[in-house]
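Me: Got a model open here and want to talk it through. Can you keep the answers brief?

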Amino acid sequence: MKNNPFLTSFGNASDEAYINRYSEEDIIINDFNRELSSSQVYMLAGVRGIGKTALTTYITEKIIKDSKEWKVVNLSSQSNLLKTLAANLQADPLLGKVFIEKKLDFSLLGIGVSIEGGNKISDEEVMIRQMLKVMKGIKKKLLVTVDEVGNTENIRKFTSSFQLYTRERLPIYLIMTGLYKDIKSLQTHKNMTFLKRAPRINLGPLDLNMISKRYSSIFNISFEEAAKMAKLTKGYSYAYSLLGNIFWEKRDSMSLDDMIIQLKDILEDRVYSQVWDELTEVEKEFIKAMNNCLGDDSQKAKVSDIIQQLQKAPAQINEYKVRLVETGIIDNSERGYLRYSLPYFSETVNRLTVFDL
């Protein structure tokens with residue numbers, strides 16, 4: 001029996017179910033492959049479940065597939081980034097052999113053996129610089145990815161070192177992903193001024209036409225039926241994968257209406273409750289007011305109605321609105337109206353706030 005192509009663990013997507021973000025993919029891959037890149041770091045921001053890690057995974061796999069000059073290292077934001085990076089490079093069979101030939105000695109950091117006649121290196125930043133110089137000499141490039149970054153000392157230390165390497169024209173490239181607020185906080189930190197100039201790509205919804213085509217092809221159903229399913233997801237990447245997973249497993253035993261109930265429950269449990277908890281109190285108040293102002297179809301709310309309900313100055317309301325649009329929760333593409341970017345999020349808010357006084 002064919003395996004279910006819809007993977008619901010965050011950051012994973014099968015080749016069959018993956019939907020390309022051609023614009024973002026081409027921007028990063030083409031830039032990194034240039035002889036002189038316009039930027040050696042890109043930051044992917046967006047709400048939880050929007051597909052930041054899946055996009056990063058696709059980019060790294062394509063880069064490795066298309067060229068043998070690349071070495072990719074995926075790091076955890078919770079690790080000692082410099083030391084872990086050095087350990088990964090030293091453990092690479094090809095690079096490790098070359099480092100030994102160049103008499104680099106990493107024994108003081110406990111990640112290698114002492115090399116006779118080698119120059120002992122006792123600082124991670126210096127050690128990686130030496131490694132990168134060796135890689136440059138053999139025409140190898142290093143792509144580092146870091147998921148779920150925040151404005152932490154650990155991340156700031158790593159990015160400061162990264163800046164020094166790029167100033168020296170060393171072949172290191174970086175993709176960092178995170179929530180919009182965390183990425184913005186890191187970029188605006190007083191000691192991270194170089195990151196202000198780094199390209200930040202705010203990921204939005206997937207193309208509904210592409211989702212419809214994928215559903216139609218995988219499930220062998222009409223495009224019209226697939227489009228009906230696609231609309232339910234609003235292009236939200238995790239909802240696309242989750243509905244596909246449910247449909248694959250339950251299409252013979254469950255109606256679409258019952259699948260939607262299951263979809264709502266899982267979205268609330270795995271994503272939306274956390275998204276809600278991460279909002280500030282003023283953002284929550286704005287969302288509650290927006291919920292109260294939704295029209296009969298529960299699809300959109302008038303900005304003027306929200307202003308009236310909150311009884312705050314329009315400029316102040318606009319500030320909250322902009323923050324929530326940037327976060328990826330609401331959409332303001334229709335003048336004078338707001339919609340939720342996340343499917344069924346309004347219902348989650350109603351349930352989470354039912355006991356509020």
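Me: Which residues does Ser237 touch, not counting those up to four places away in sequence?
Reply: Ser237 touches Gly49, Ile50, Gly51 and Leu206. A contact here means heavy atoms within 4.5 Å.

Me: Which helix is Ser237 in?
Reply: Ser237 belongs to helix H11, residues 237–250. Helices (H or I, at least four residues) and strands (E, at least two) are DSSP runs, numbered from the N terminus.

Me: Is Ser237 buried or exposed?
Reply: Buried, with a relative accessible area of 14%. The cut-offs are under 20% for buried and over 50% for exposed, with partly exposed in between (1.4 Å probe, protein chains only).

Me: What should I know about the model and the numbering?
Reply: This is a predicted model, where local features need pLDDT of at least 70, side-chain atom pairs count only at pLDDT 80 or more, and totals for chains, interfaces and linings use all residues. Residues are numbered from 1 along each chain as its sequence is written, and side-chain values use heavy atoms, with hydrogens and water left out.

Me: OK, overall picture. How many helices and strands in the protein chain?
Reply: 16 helices and 10 strands. The C-alpha atoms fill a box of roughly 75 × 55 × 35 Å along the principal axes. Of the 357 residues, 50% are buried.

Me: Which way do S2 and S5 pair?
Reply: In the parallel sense, over 7 bridges, with S2 spanning residues 70–76. Two strands pair if DSSP finds at least two bridges between them. Val72 has Leu143 of S5 as its bridge partner.

Me: And how many bridges join S5 to S6?
Reply: 5 bridges, and the two strands run parallel. S6 is residues 172–178. Leu142 stands opposite Ile172 in S6.

Me: Switching to the sheet with S8. What is the strand order there?
Reply: S8-S10-S9, an open sheet of 3 strands with antiparallel pairing. S8 (301–302) and S9 (330–331) are at the edges with a single partner strand each, so one side of each has no neighbour in the sheet.

Me: Which residues pair up in there?
Reply: Lys302 has Tyr337 in S10 as its bridge partner, and 2 bridges join S8 to S10.

Me: What sits between S9 and S10?
Reply: They form a hairpin with 5 residues between them. Gly336 in the turn has a positive phi of about 85 degrees.

Me: Which residues of S10 are on the covered face?
Reply: Leu338 and Tyr340. Tyr337 and Arg339 are on the uncovered face. The charged end of Lys300 sits over the ring of Tyr337, 4.5 Å from its centre. That term needs NZ of Lys or CZ of Arg within 6 Å of the ring centre and within 35 degrees of the ring normal.

Me: Which helix lies across these strands?
Reply: H13 lies across S8, S9 and S10, at about 105 degrees to S10. Axes are lines fitted to C-alpha atoms, for helices over the stretch in contact, and angles run from 0 to 180 degrees between N-to-C directions.

Me: Last topic, aromatics. How many aromatic pairs does the structure hold?
Reply: 15. One of them is Tyr272 with Phe345, edge-to-face, 5.2 Å centre to centre and 85 degrees between the planes. Tyr272 is in H12 and Phe345 in H16 (residues 345–352), so the pair ties together parts 73 residues apart in sequence. Rings of Phe, Tyr and Trp (its six-membered ring) pair with centres within 6.5 Å; planes under 30 degrees apart are stacked, over 60 edge-to-face, the rest tilted.
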